[in-house]
Amino acid sequence: MELTAKLILWVHLSSLLLAGCATFAAPLVARMMAQADAAQRPVFGPILAKLSALGRMALVLLVLSGLGLIWVKYGGFAGQNGWFHLKLTLVVILCALVIFNIFNTRWAQAGNAAAAARHPALMKAVTLLVLATILAAVFAFN
């Protein structure tokens with residue numbers, strides 16, 4: 001059982017690394033895209049799409065491995081502290097925001113100016129939620 005928990009933790013931490021890469025790289029690429037001339041901008045679109053896909057994949061792996069850890073290492077949700085419940089709440093909000101951002105990106109690509117204007121704020125919110133979730137996890141699991 002201990003080996004299983006360690007392997008699941010490895011997947012969880014690796015997924016956190018991937019999520020962090022996507023979370024922090026996407027705003028940088030978006031800024032570079034905004035500063036680029038019209039001929040260069042199309043180059044950045046596929047990069048942002050790949051970072052977005054990486055972030056979504058990492059989030060799914062984080063949720064699944066997190067649930068696996070809770071069941072394998074702790075036997076379930078019973079007895080978890082308030083920091084853990086805050087972490088779960090932040091994860092739910094993060095997932096909802098990521099799903100909304102998928103739709104917002106599609107709307108922006110279709111020419112919706114409001115959606116395009118909202119995108120930088122959504123990226124900042126995702127970054128803050130990721131950081132807050134990590135902070136809650138540190139306190140939840142010492």
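## Exercises on a predicted helical model

At 31% relative accessibility, Phe 100 counts as partly exposed. Keep that residue in view; the model you are working with is predicted.

**Exercise 1.** Classify the ring pair formed by Phe 100 and Trp 107.

*Solution.* Start with the distance: the two ring centres are 5.8 Å apart, and the cut-off for a pair is 6.5 Å. Next, take the angle. The planes stand at 75 degrees, so the pair is edge-to-face, given that angles over 60 fall in that class. In total, the structure holds seven aromatic pairs.

**Exercise 2.** Work out which element gives the most to the largest nonpolar core.

*Solution.* First list the members. The core has 10 residues, including Leu 59, Leu 90, Leu 97, Leu 122 and Ala 136. Then assign them to elements: α3 (82-109) and α4 (113-141) each give two or more residues. The count settles it, with α4 giving the most, five residues. For a close-up, pick Leu 97. Leaving aside residues up to four places away in sequence, Leu 97 touches Leu 122, Ala 125, Val 126 and Leu 129. Apart from this core lies another, of six residues, among them Ala 26, Val 29, Ala 36 and Phe 44.

**Exercise 3.** Compare the span of helix α2 with the expected one, then find what its buried residues pack against.

*Solution.* Helix α2 covers residues 41-74, 34 residues in all. From first C-alpha to last it reaches 48 Å, close to the 50 Å expected at 1.5 Å a residue. Its buried residues include Phe 44, Leu 51, Leu 59, Gly 66 and Ile 70, and the buried residues of α2 pack against α1 (2-35), α3 and α4. After the helix comes Gly 75, whose phi is positive, near 75 degrees.

**Exercise 4.** Locate the one salt bridge and decide whether its residues are buried or exposed.

*Solution.* The partners are Glu 2 and Lys 6, with their closest N and O atoms 3.5 Å apart. Because they are four residues apart in helix α1, about one helical turn separates them. Finally, check accessibility: Glu 2, at 56%, counts as exposed, and Lys 6 is exposed with a relative accessible area of 52%.

Conventions: Residues numbered from 1 in each chain as written. Predicted model: local features only at pLDDT ≥ 70, side-chain atom pairs only at ≥ 80, totals over all residues. Heavy atoms only, no water. Phe/Tyr/Trp six-rings, centres within 6.5 Å; stacked < 30°, edge-to-face > 60°. Buried < 20%, exposed > 50% of the residue type's maximum accessible area, 1.4 Å probe, protein only. Core = buried A, V, L, I, M, F, W, Y, C linked by side-chain atoms within 4.5 Å. Contact = heavy atoms within 4.5 Å. Expected span 1.5 Å × (residues − 1). Salt bridge = Lys/Arg side-chain N within 4 Å of Asp/Glu carboxyl O.
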